[in-house]
Amino acid sequence: MIGKVSRGRDVAGLLRYLFGPGRHNEHTRPHLVAGWDDPSALEPIVSAGRADTVPLARLLEQPLRAAIGKIDDRPIWQCSVRAAPQDRVLSDQDWAEIVRDVVARTGLAPEADDDACRWIAVRHADDHVHIVVTLARQDGRNVAPRNDYYRVGEACRAAEQ
């Protein structure tokens, strides 16, 4: 299992991509497998074959707008986590457990921390998920991830075990 971390500015654009068809129609049945809140309540409504991601983007961005102090110029943390081709196909529940471990190990959303960062995990293929986190806690404090690449690697190795 491999995790790849990147940073960005545009949560709405990222969500449109993740819930869209992909660049070559490779996205199949995009849906949430986990999140800071109940994924079924956060899931974008699909109408005429297109997911309305605007409400979800606004919810994810709320802590950024309410943050105390200066916000990083790339406040969106994204991590793609991919299973090896020889691995079995993981269920949504399996992916949800892996993602919860990733956001906990990185310190972005530790278990039982109700004021942690808002985050979601989107699955649009059998072999991977995308984790999207806004880097402001719900209590208004900014978040600056440290050693997140290492922590993602630890979570991936733990999932393989």
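A search of the whole structure turns up 0 disulfides, a disulfide being a pair of cysteine sulfur atoms within 2.5 Å. Cys79 is in none, and its nearest cysteine sulfur, that of Cys156, sits 6.5 Å away. Cys117 is in no disulfide either: the nearest cysteine sulfur there belongs to Cys79, 14 Å away. Both cysteines are tucked in, with Cys79 at 0% relative accessibility and Cys117 buried at 1%. Here, buried means under 20% relative accessible area, exposed over 50% and partly exposed in between (1.4 Å probe, protein chains only).

A quick word on the model: it is predicted, so local features need pLDDT of at least 70 and side-chain atom pairs count only at pLDDT 80 or more, while totals for chains, interfaces and linings use all residues. Residues are numbered from 1 along each chain as its sequence is written, and side-chain values use heavy atoms, with hydrogens and water left out.

On to the strands (DSSP runs of E, at least two residues, numbered from the N terminus). Strand 2, residues 31-35, is mostly covered, with 5 of its 5 residues buried. Strand 2 runs antiparallel to strand 6 (residues 117-125), and 4 bridges join them; pairing takes at least two DSSP bridges. Within this pair, Gly35 stands opposite Ile120.

Arg137 belongs to strand 7, residues 128-137, and is buried at 12% relative accessible area. Its side chain makes a polar contact with that of Asp139 at 3.1 Å; such a contact is an N or O pair within 3.5 Å, with one atom able to donate a hydrogen and the other to accept it, and residues adjacent in sequence count only if both atoms are side-chain atoms. Beyond neighbours within four places in sequence, Arg137 is in contact (heavy atoms within 4.5 Å) with residues including Pro63, Asp113 and Cys117.
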